[in-house]
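Take the points in order and find each residue as you go.

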Amino acid sequence: MMIDEGLTESPLKPAYGPQFSFIFFSTQTKMMKIAILVLSGIAVAHCQGSADTACSLLQSELGDNVSFPGSAAYAEAIAHFEPTSSQNSTCSVAPTSANEVATILKIVGREDIRAPFAVKGSGHANNVGHSSTVGVQIALSGFTDVSYDLEASTATFGPGLSFDEIYEYLEQFNVSVVGARAAGVGVGLVLGGGYSWITNQYGLAIDNIVSLDVVLPNGTFVTVTDAAHPDLMFGLRGGLNNFGIVTSFTVKAYPLSSVWGGIVVYNVDDSAGEDPVARAIADFSLNNKDKKSQLNAGFTITGGQSLWQVILFHDGPTVPDVFQPFLQIPNNSSNLVEGGSFTEFLSLLNVLGDTIPGGFYDVVPIVHYTEPLISAFKTQANLTYTQAISDNRSISTVLINLELFHGMFQHSVPSAYPHSPCREVTPCNPWILFRVSEICGYPMRVHSGYMRVMRVMRVPITLCLSCRILVD
Ligand SMILES: Cc1cc2nc3c(=O)[nH]c(=O)nc-3n(C[C@H](O)[C@H](O)[C@H](O)COP(=O)(O)OP(=O)(O)OC[C@H]3O[C@@H](n4cnc5c(N)ncnc54)[C@H](O)[C@@H]3O)c2cc1C
């Protein structure tokens, strides 16, 4: 299951005809197909009509907070990190208080309206429909408060901020929170799971929630804590937008000041029959005990060239011993910084380049990355890329992101995202990027074939490596 995007449909969000009609078409009779087409048409018309009604009611209640196609505010509200995650909503609304959020939910959820809607923080969801809609786009960009409570060692922030903005504010106190590993990513991460550069030390973002201010689907406002609303807290930890809209997050803060790290890029040359980077990664995966040191390795094929992009991070100013093997392998380039601030480190990590085309990614859970497994993943990535080139399609990059966490589930608290310390897994993300001009069908097909093989290929390797690799 994907860590952050398993449960993204709100219970208030009705399901509409077109999705269902595709499923039925293969098995139904001609008459039934016609009936379904008619019903689908009615559903689409209802969907559009209900969104139009909701938008005009929202405009009369919230005035300038509501925007329509053609305006800059609307364009910003529907924009996503990957353009393929965006949809053209009927209108967008940007509330600035919990009361306004309640007003919005009461309108879109009204029995006679039931308009489709989506909730967007910083728009880093990788799939269309997770924080985008053709109905009412609710953009939380107006919630930008952030503060630090020295006595309680907690930070409080709004959903309009991205993690780099939160880190930057906290740096004056020499503390940080468990949040995103890349600039721009938003607080949806806290409700979905949340893997950070300090996760080996302190767990996932959901393990560090202290309290959440939430507007429930019926418009009621509650402050959710483990003591006051344990069931709701359980659901919100991993349940994303399924239980309400969070207007303020309070999470534990930890000391963090001077760090070491950056990216090292290596050309991949398998001609001698071995890959020293894969060996160093496997060794780190199997043997690392230093919780302050984390790494993330991307096997990337782009422009016909294969690269390893290895991000090294250490919570401390100087290079730890565990990274020495990586520094001894000849590399293409590196931007390692010693003793810099955490936000300086984040600014070094632009692995995907400046222009993000369309993309899909998914997650394969792994216990340990071994050399045979890494080699099998590389083979599959190469096949996927070669196939796309021979099909003359615009897949620009095939990437497998190996995430090498250790002991991160030791901090696990009860949550809707199960992460038991008895069944520790670390994510592997097969990712493809393609030009938006490419019709989504081809990349989707390629990606799902890629994923199928990635999931299946763990099994025989598991058998020959004495169950080091998890089989679901
Ligand atoms: C480049 C990149 C780097 C990433 N790095 C990491 C990483 O280091 N660690 C990690 O764990 N994940 C990472 N992710 C995945 C990311 O955590 C998730 O996509 C996360 O959900 C993004 O949150 P967002 O607010 O930016 O996204 P959005 O698309 O705005 O929201 C994501 C989901 O959260 C819901 N949501 C957002 N805010 C609220 C709210 N206030 N109340 C209720 N529901 C809400 C949305 O409805 C949607 O379902 C990364 C993704 C990308 C594209």
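1. Let's start with how the chain folds back on itself. Among contacts with a separation of 6 or more, 72% are between residues 24 or more positions apart. Keep in mind throughout that this is a predicted model. The chain holds 14 helices and 20 strands, and 45% of its 472 residues count as buried.

2. Gly298 and Asn401 sit 103 residues apart along the chain, yet their C-alpha atoms are separated by 4.4 Å. For Val367 and Glu424, the gap along the chain is 57 residues and the C-alpha separation is 6.5 Å.

3. Now look at where the starting members of those pairs sit. Gly298 belongs to strand 13, residues 293–302. It counts as buried because 21 C-beta neighbours lie inside 10 Å. Val367 is in a loop instead, between strand 18 (364–366) and helix 12 (371–390). Is Val367 buried or exposed? Val367 has 20 C-beta neighbours inside 10 Å, so it counts as buried.

4. Stay with strand 13 for a moment. It is mostly covered, with 9 of its 10 residues buried. Strand 14 (residues 305–314) runs antiparallel to strand 13 and is joined to it by 10 bridges; one spot to check is Phe299, whose bridge partner in strand 14 is Trp308. Strand 19 (residues 395–404) is also antiparallel to strand 13, with 8 bridges joining the two. There, Leu295 stands opposite Leu404 of strand 19.

5. Next, the ligand. There are 33 residues around the ligand, and Gly121, His124, Ala125, Gly186 and Gly188 come nearest. Strand 3 (117–120), helix 6 (188–192) and strand 10 (245–252) are the elements that give two or more residues to this shell. Which element gives the most? That is helix 6, with 4 residues.

6. What is the shell made of, by class? The shell has 16 nonpolar, 14 polar and 3 charged residues. As for where the ligand sits, domain 1 (17–139) and domain 2 (146–255) both give residues to the shell, so the ligand lies between them.

7. Strand 3 runs parallel to strand 4 (residues 136–139), and 4 bridges join them. To find the pairing on screen, look for Lys120, which stands opposite Ala139 in strand 4.

8. Now for the nonpolar core. The largest one has 119 residues, and those touching the most other members are Leu58, Val136, Ile138, Val190, Ile281, Val310 and Ile432. Pick out Val190 and look around it: leaving aside residues up to four places away in sequence, Val190 touches Ala205, Ile206, Ile209, Phe249 and Val251.

9. Last stop: helix 8, residues 230–239. Its buried residues are Met233, Leu236, Arg237, Gly238 and Gly239. What covers them? The cover includes helix 6, strand 8 (209–215) and strand 9 (221–224). Just after helix 8 comes Leu240, with a positive phi of about 45 degrees.

Key. Residues numbered from 1 in each chain as written. Predicted model: local features only at pLDDT ≥ 70, side-chain atom pairs only at ≥ 80, totals over all residues. Buried ≥ 20, exposed ≤ 12 C-beta atoms within 10 Å, placed from the backbone. Near = placed C-beta within 6 Å. Nonpolar A, V, L, I, M, F, W, Y, C, P; charged D, E, K, R; others polar. Domains from an automatic or database assignment. Core = buried A, V, L, I, M, F, W, Y, C linked by C-beta atoms within 7 Å. Contact = placed C-beta atoms within 7 Å. Pairing = 2+ DSSP bridges.
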